[in-house]
Amino acid sequence: MTLLSRIFGLLRDITLATLFGASGGTDAFLVAFKIPNFMRRLFGEGAFSLAFVPVLSEYKEKHDKIVLKDLINHVAGTLGGFLLLLSILGMVFAPAVVYIFAPGFAGNEGQLELTADLLRITFPYIFFIALVAFAGGILNSFHRFAIPAFTPVLLNICLILSAFYLAPHFEEALMALAWGVAIAGIVQLLIQFPSLLKLGLMPVPRIKRGHEGVKKIIKLMIPAIFGSSVAQINLLLDTIIASFLISGSVTWLYYSDRLLEFPLGVLGIAIATVILPTLSQQHARASAEQFNQTLNWALRLVTLIAIPAGVGLFILAGPIIASLFEYGKFTTSDTYFASLSLMAYMLGLPALIVIKILAPGYYARQDTRTPVRIGIIAMVCNMFMNIAFVVPLVMTGYEAPHVGLALATSLSAYINAMLLYSGLRNK
């Protein structure tokens, strides 16, 4: 299902590249789309899932269904209330949020205003998609993986249909894409309901101060926000710096990052999603030998495929981007610049995939602090390397300084992966 979602993701990107190309306008939409996506990784499938699934697995092992349902209801109420408040604040303060995430747009009032208008429509996506991750966490804990993994397909279908059928009805065609994102959030949530009803675990939101399970999840989630989002923060820093570079830089990085996400999603995220509930149950049963075997199996499998995938995408970066995206408004020049950053990203693919496998080894043990410390070290290294690589490239007049951002992301991923690995070996 994850493979299917990635295929539809490529079809979506081909559609956007063909119809909209790479311009200041596409930079504006991609920033407006990245902000709720970034927060989704923090409060949805990232930190929240990594904190929620181990606690839910523990409740499932040690308590009856009534206690389990009570936990789900109170998590739904607490998470839903927080997300609703966050969505309202994001819509009200959209221009300020854009200024924080893409300060380079401040010099272009039209681009800043367009991004803020798009963000007001896309921001509520965080409310729906984080609840989708919550529902997915419940289903994954009961080894129902298909529906949660299929939901991204619906986002991609909504964006493709919006680009073809809604865009002609808008004065600013990119507004249609923003509405496509908002509609997708609702559709993705609704498709989870039948599976939850079948399990008898459809949440009825409740809020109670001091609920033991909710407190435990929040306690685990706060450090996990930093630990699970290091890659996202690194990509966000890339966006901030890219907003100061030549027009199109955000879009070139986006398309090369999307091709990085294909093997990362199919291998890393899919396998990490499957092993987290298993590792959590093995830890709850104190089965150290089985825990090690699960991690070893996952590492062997991803390494076997990640290295040839990275080499292949590096060598064929130009032809692959040309084949997938170079139609309509996406030019030969765009292909060239996007392929350079794709090659830089591919150097870090094995490390980025290994991080996805190693991190659940800590979260399943309800240790969210160690990945945070490691993640912060990697993030600081990435920030320094961003400046160390990009500034000289700009100063010397190199035509593609955005490549420095992709290279910094790759190198910091190796630091992150090596520290996570050595920590688990020591344990």
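## Surface patch, salt bridges and a pocket

Leu 84, Leu 85, Ile 88, Leu 89, Val 92 and Phe 93 make up a nonpolar surface patch with about 580 Å² of accessible area together. This is a predicted model: local features need pLDDT of at least 70, side-chain atom pairs count only at pLDDT 80 or more, and totals for chains, interfaces and linings use all residues. Residues are numbered from 1 along each chain as its sequence is written, and side-chain values use heavy atoms, with hydrogens and water left out.

**Nonpolar patch**

- Patches take residues with over 30% relative accessible area and no salt bridge; like charges are joined within 9 Å, and nonpolar side chains (Val, Leu, Ile, Met, Phe, Trp, Tyr) within 5 Å.
- Accessible areas come from the Shrake-Rupley method with a 1.4 Å probe; for residues, only the protein chains shown count as cover.
- Leu 85 of the patch sits in helix H4 (residues 65-92).
- Helices (H or I, at least four residues) and strands (E, at least two) are DSSP runs, numbered from the N terminus.
- Leu 85 is exposed, at a relative accessible area of 52%.
- Exposed means over 50% relative accessible area, buried under 20%, and partly exposed in between (1.4 Å probe, protein chains only).

**Salt bridges across the chain**

- The structure holds six salt bridges, each a side-chain nitrogen of Lys or Arg within 4 Å of a carboxyl oxygen of Asp or Glu.
- Side chains of opposite charge can pair when their charged atoms come close.
- Arg 6 and Glu 261 form one through their side chains (3.8 Å, N to O).
- Arg 6 belongs to helix H1 (residues 2-20) and Glu 261 to helix H13, so this pair ties together parts that are 255 residues apart in sequence.
- Arg 6 is buried, with a relative accessible area of 14%; Glu 261 is buried too, at 7%.
- Lys 216 and Glu 58 form another, by their side chains (3.0 Å, N to O).
- That pair links distant parts of the chain, with Lys 216 in helix H11 (residues 212-228) and Glu 58 in helix H3 (residues 47-62), 158 residues apart.
- Lys 216 is partly exposed at 30% relative accessibility, whereas Glu 58 is buried at 17%.

- Asp 117 is partly exposed at 28% relative accessibility, and Arg 120 is partly exposed at 33%.

**Second largest pocket**

- The second largest pocket has a volume of about 360 Å³.
- Among its 16 lining residues, Phe 291, Asn 292, Leu 295, Leu 424 and Arg 425 are the closest to its centre.
- On a 1 Å grid over the protein atoms alone, a pocket is an open set of points with protein on both sides within 12 Å along at least five of seven lines; lining residues have an atom within 4 Å of a point.
- Grid points are joined across faces, edges and corners, and the volume is the space filled by probe spheres set on the points.
- Helix H13 (249-284), helix H14 (288-315) and helix H19 (403-426) each supply at least two lining residues.
- H14 gives the most, with six residues.

Notes
1 Å grid on protein atoms, 1.4 Å probe; cavity = no way out; pocket = protein on both sides within 12 Å on 5 of 7 lines; lining within 4 Å.
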